[in-house]
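I am opening a notebook on this structure and will write down what I looked up, entry by entry.

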Amino acid sequence: MATFFDLQEKNRKKTRLIVVCFVLFFIWLGAGLDLALYYWSGGSIRMVSYSYNYRHRYMSSPPATTPVKKEKHFHPIFTLIVGLAGVGLAWWSMSNAAGTVLSSMLAKPADRNRSPEEHTLVNVVEEMCIASSMRPPKVWIIPDPDPNAMAVGLNEGDYHIAVTDGLLRTLNRDEIQGVIAHELAHLKNQDTRLMTALTVLVGIAALIAEFVGRSGFCGIDAKGGDREDNRIGSLIFILWAVSIVIAPFVTRLMTLMVSREREYLADASAAQFTRNPEALAHALEKISAAVAPTALVKPASAHLCIVSPAAADLSGDAETSWFSTHPPIALRIHRLMTIGRTMQTKAAVAQTCS
Amino acid sequence: MLGGIIFLVLVVIVAFMLVSAYNRLISLKGQTDNAWKQIDVQLKRRHDLIPNLINAAKGAMQFEKETLEAVVAARNSAVNACASATPATAGQVAAAEGALSAALTRFMAVVEAYPDLKATGNIGQLQEELSSTENKVAFARQAYNDTATMYNITQRQFPTVLVAGLAGAAPAQLWEITDEADRAVPTVDLTMK
C-alpha cells in the first residue's frame, strides 16, 4: 500500500531515469559521429555524397602508396552543432507565450460574477492554491460542451488553467476540486516545462535525421591508418547511423513515457492536496463517460489536458498504449482508489491505537 | 598529484552538498512560517465575511434574532481571541474558532427554512463564500502541516542533520486538534420534543 508521498517519490525517480536516458541518447547522436571520425582519423577518410563532396578538415589525401599513420584527433564538431541547435530551439520555444495556446481554443477569462458555476470555480482554484502553497494562476473557460481541463505556462508568473464549460456542468464541487488540484500539480511539478523541453529535443532529433538523410550520403572511402581503429570507427559509425534513423521514433516514445508518468504524479499530488482521491476518481469516470472528444484542443496541446482529448484514448481500454500521452483511465482510477484505501486504513489504525 | 586532485574534487563536492543542504533548511523554515501565517489570513477572512452574511439575512430573518446574535457574539469572541493570541493561548484561539464554526452551521441550517431568502437574496452566493472560507481555513491548516512535516523530516535526515544546528533548525509543531470534543462525531438529535 502506498501513500501519495511514496508514489510521488517513486514517480520522480522514474522520470529522472527516463530523462537521463533521453539526454544520453541525444549526446550519442551528436558524439557518435565524432567518435567514429576520431577512430578513423588515424588514416585518411573521404566521405562521398552526391550533393557535396565532404572533405573532413583534418584529413589530407596522401598518395595511396604511402599509408600514413597519423595522430588521432577528437574534434567534437557535431556534438557542438547539435548542442547549439538544441539550445537555440529550446530558447525559442520557451519564449512562446502561453497565450497563443489559449487563444487558439477560444478561451475566455473566468469571472466570478458571471455565473454561480464560475464563482464556484474561482473559489475552488483559490482553495487549491492554498492547499498547494502556490500563487493563484489565471483561470480560463473554454466554450466546449465536452468536459476537460488543462494547465499551461512555463514560468511562475505566467501560469494558466483552462476548464471547459462541459466540465463545470458535469462535475460537482468536490470533483471540480480534484480536477483543479490535478492541474495545479502539473504546474507545481513543472511538467509543462519538462514536456516542452522534451518535445523540442524530439524536434531536433527529427531535424538531424532529415539533414543526414538529405545529405545524400552514400559511401566511405577509407585508406590507410590502423586497421583495428578503422574497424572500430566503422562499427561506431554504423551504430550511429542506425540511431539517427530510429531517433525520431525512439525520442517520441520516450517523451510519451515521461508524459504518462507525470500524469500519475499529478494524480498522486492532487490526492495530497485534496486528501480526497475518491472525488478525483469519480471525476475521471464522469469525464471518460463523455464519449465525444474535445474538439477545440489541438493534438499538439493534448498532453496538457487531464484526459486525452483524442477519441481513441477514451475507449476505456486497460491496455497501456505506447503512443498515448495519458495512461488508461481505468489504471488511474485504480491507483487513486488505492491511495484512498491507504488513507482510510491509516486513519483507522491511528484511531484505534490512540 | 592525481591523488591530490581527486581529494580536492571530493572536498568541493562535499562542500557543495553541505551548502545546498543548509539552503534547503532555510527555505523550508521560511515556507513553514509562511504556511503558519496563511492560517491566520484565512481565519481573519472568515471574521470579515460574517458581517456581510448577517446583513444579508437580517431583513428576512427577524424571527431568528437569537441565531443571528449567537453568530455575531461567537465572531466577536473569535476576533478577540485571535487579536491577543500568543503561542501559549493557541488552545483558546482554536476553541473560539470552533465555537464560531458551530454557530455558523446552526445559522446555515436555519437559513434552509427560508426558501425565498435563498432564491432572491444573494444569500446563495454568500453560502458558497462561507463554505469556501471554511474550506480555505482547513486547507491552510493542511498545507501548514504538510510543510512542517517536510521541514521536520528534512532536519533529521542525513546529511542535512549535520548543518541543522548551524541553520538554527528546530522541529516545528504540527497543528493538531487539542480539544477531544472536536474529534467526536456530532450527534444529531432527531427526537420530537
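**Entry 1: a loop serine**

I began with A:Ser133 and looked up its contacts: leaving aside its neighbours within four places in sequence, A:Ser133 is in contact with B:Gln31, B:Ala35, B:Ala143 and B:Thr147. I note here that I am working from a predicted model. As for its place in the chain, A:Ser133 is in the loop between α4 and β3 of chain A. Is A:Ser133 buried, exposed or partly exposed? I found 18 C-beta neighbours inside 10 Å, and A:Ser133 therefore counts as partly exposed, since a residue is called buried if 20 or more lie within that distance and exposed if 12 or fewer do.

I also looked up the backbone of A:Ser133, and its phi is positive, about 55°, although it is not a glycine. For background I wrote down that most residues other than glycine have a negative phi. Lastly I checked a distance along this chain: A:Ser133 and A:Glu228 are 95 residues apart in the chain, and their C-alpha atoms are separated by 61 Å.

**Entry 2: other backbone details**

A positive phi turned up again at A:Gln190, which is not a glycine and has a phi near 55°. I placed A:Gln190 in the loop between α6 and α7 (191-214) of chain A, and with 16 C-beta neighbours inside 10 Å it counts as partly exposed.

In chain B I looked at a peptide bond, the one from B:Phe158 to B:Pro159, which is cis, with omega near 0°. The loop that holds B:Pro159 lies between α5 (123-156) and α6 (160-167) of chain B.

**Entry 3: chain A as a whole**

I then stepped back to chain A, where I count 10 helices and six strands. Buried residues account for 40% of its 354 residues. Of the contacts in chain A between residues at least 6 apart in sequence, 76% join residues at least 24 apart.

**Entry 4: the sheet**

In what order do the four strands of the open sheet in chain A stand? I read the order as β2-β3-β5-β4, with mixed pairing. The edges are taken by β2 (108-109) and β4 of chain A, and each has a single partner strand, so one side of each is left without a neighbour in the sheet. Helix α4 (residues 116-132) of chain A packs on this sheet and touches β3 and β5 of chain A, its direction making about 145° with that of β3(A).

I followed β5(A) in detail. Strand β3 (residues 138-142) of chain A runs parallel to β5(A) and is joined to it by five bridges, and A:Lys138 stands opposite A:His160 in β5(A). Strand β4 (residues 149-152) of chain A runs antiparallel to β5(A), with four bridges between them; here A:Ala151 stands opposite A:Ile161, and A:Ala149 has A:Val163 as its bridge partner.

**Entry 5: helices**

I noted that α6(A) lies across β4 and β5 of chain A, running at about 20° to β4(A). Helix α6 (residues 173-188) also packs with helix α9 (residues 277-289) of chain A, at an angle of about 95° and with their axes 8 Å apart, and α6(A) and α9(A) are therefore roughly perpendicular to each other. Among the residues making this contact are A:Gly178 and A:His182 of α6(A) and A:Leu280 and A:Ala283 of α9(A).

My last look was at helix α1 (residues 4-40) of chain A, which has 37 residues and reaches 53 Å from its first C-alpha to its last, close to the 54 Å expected at 1.5 Å a residue. I also found a kink of about 40° in α1(A), centred on A:Ala31.

Definitions and conventions: Residues are numbered from 1 along each chain as its sequence is written. Chains are lettered from A and ligands numbered from 1 in the order in which they are written. This is a predicted model: local features need pLDDT of at least 70, side-chain atom pairs count only at pLDDT 80 or more; totals for chains, interfaces and linings use all residues. Two strands pair if DSSP finds at least two bridges between them. Helices (H or I, at least four residues) and strands (E, at least two) are DSSP runs, numbered from the N terminus. The expected span of a helix is 1.5 Å times one less than its number of residues. The bend at a residue is the angle between axes fitted to the seven residues ending there and the seven starting there. Axes are lines fitted to C-alpha atoms, for helices over the stretch in contact, and angles run from 0 to 180 degrees between N-to-C directions. Angles under 35 degrees count as roughly parallel, over 145 as roughly antiparallel, 65 to 115 as roughly perpendicular and the rest as oblique. Two residues are in contact if their C-beta atoms, placed from the backbone, lie within 7 Å.
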